[in-house]
Amino acid sequence: MGVFTAFLILLVWLLGNIASPYLAPAGTVDLGNDGIVGSGDKAGEISAIGNAFARFFYRAGDANCHQHADRSFFLNGNQMPFCARCTSIFFGLAVGAAILMFLDLELHIFWILLGLVPIGLDGGIQLFTDYESTNLLRFLTGSVAGIVTGIALGYIISEIGKIMVLRKRFRKGSG
């Protein structure tokens with residue numbers, strides 16, 4: 001799998017999350033503010049969503065995100081399947097993979113870690129204090145984290161591809 005394939009998968013995932021609120025009747029999806037990550041606690045509300053494609057993304061959100069309405073974006077009057085921070089990470093992953101398709105970047109752990117600092121600070125301070133982040137700040141910090149992670153993921157996939165090509169050449173030469 002090359003960087004382009006990874007980009008396409010990440011883009012389809014992002015677009016599926018964006019499309020899902022439009023595939024349910026306007027103003028019918030609001031999952032409240034009591035969700036728990038990984039609990040499947042919104043299964044009842046999600047099963048009422050008529051579109052199977054949208055239901056898939058909302059179920060994925062239920063399994064992997066708290067889905068708090070006050071920390072989520074709304075499209076078509078419906079809450080998105082993932083919170084603002086998760087959605088922005090998906091956005092950043094696709095952008096990061098796209099960047100790597102066009103630029104030959106070296107992977108430097110310093111820049112990756114630096115790109116993760118804002119989301120770590122925003123989420124960490126919010127977790128341990130009374131500070132409440134905004135969806136805009138969650139989107140910005142999540143996007144930066146997603147971009148550096150997308151670049152790292154794309155770089156790793158690219159390097160694995162190069163190694164596989166070398167292994168094929170080596171096998172042909174030694175056989």
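Here is a walk through this predicted model, from its overall layout down to a few individual side chains. Local features need pLDDT of at least 70 and side-chain atom pairs count only at pLDDT 80 or more, while totals for chains, interfaces and linings use all residues. Residues are numbered from 1 along each chain as its sequence is written, and side-chain values use heavy atoms, with hydrogens and water left out.

Let's start with the fold. The chain has six helices and two strands, going by DSSP runs numbered from the N terminus (helices are H or I with at least four residues, strands are E with at least two). Reading from the N terminus, the order is α-α-α-β-β-α-α-α. Along the principal axes, the C-alpha atoms fill a box of roughly 60 × 40 × 25 Å. Of the contacts between residues at least 6 apart in sequence, 71% join residues at least 24 apart; a contact here means heavy atoms within 4.5 Å.

Now for the surface. The chain's accessible surface is about 9900 Å², and carbon and sulfur atoms own 70% of that (Shrake-Rupley with a 1.4 Å probe; for residues, only the protein chains shown count as cover). Buried residues account for 39% of the 175 in the chain. The labels work like this: buried is under 20% relative accessible area, exposed is over 50%, and partly exposed is in between, with a 1.4 Å probe and protein chains only.

On to the inside. A nonpolar core is a set of buried Ala, Val, Leu, Ile, Met, Phe, Trp, Tyr and Cys residues joined through side-chain atoms within 4.5 Å. The largest one has 13 residues, and Leu-10, Cys-65, Phe-82, Cys-86 and Phe-90 have the most contacts inside it. Helices α1 (3-19) and α4 each supply at least two residues of this core, with α4 giving the largest share, six residues. Apart from this core lies another of seven residues, including Ile-46 and Tyr-58.

Looking beyond residues up to four places away in sequence, Leu-10 touches Leu-93, Ala-94, Ala-97 and Leu-153. Thr-87 sits in helix α4 (residues 84-102). Thr-87 counts as buried because its relative accessible area is 6%.

Two loop residues have backbone angles worth a look. Gln-67, in the loop between α3 (52-64) and β1 (74-75), has a positive phi of about 55 degrees without being a glycine. Its relative accessible area is 0%, so Gln-67 is buried. Asn-76, in the loop between β1 and β2 (78-79), is another non-glycine with a positive phi, about 60 degrees. Asn-76 is partly exposed, at 28%.

Finally, the charges. Count a salt bridge whenever a side-chain nitrogen of Lys or Arg is within 4 Å of a carboxyl oxygen of Asp or Glu, and you get six. Asp-122 and Arg-85 make one at 2.6 Å, N to O. This pair links distant parts of the chain, 37 residues apart, with Asp-122 in helix α5 (residues 109-128) and Arg-85 in α4. Both of these residues are buried. Another bridge joins Arg-138 and Glu-132 at 2.9 Å; Arg-138 is buried at 2%, whereas Glu-132 is partly exposed at 44%. Shared partners also join Asp-34, Lys-42 and Glu-45 into one salt-bridge network. Within it, the closest N and O atoms of Asp-34 and Lys-42 are 2.4 Å apart, with Asp-34 exposed at 52% and Lys-42 buried at 4%.
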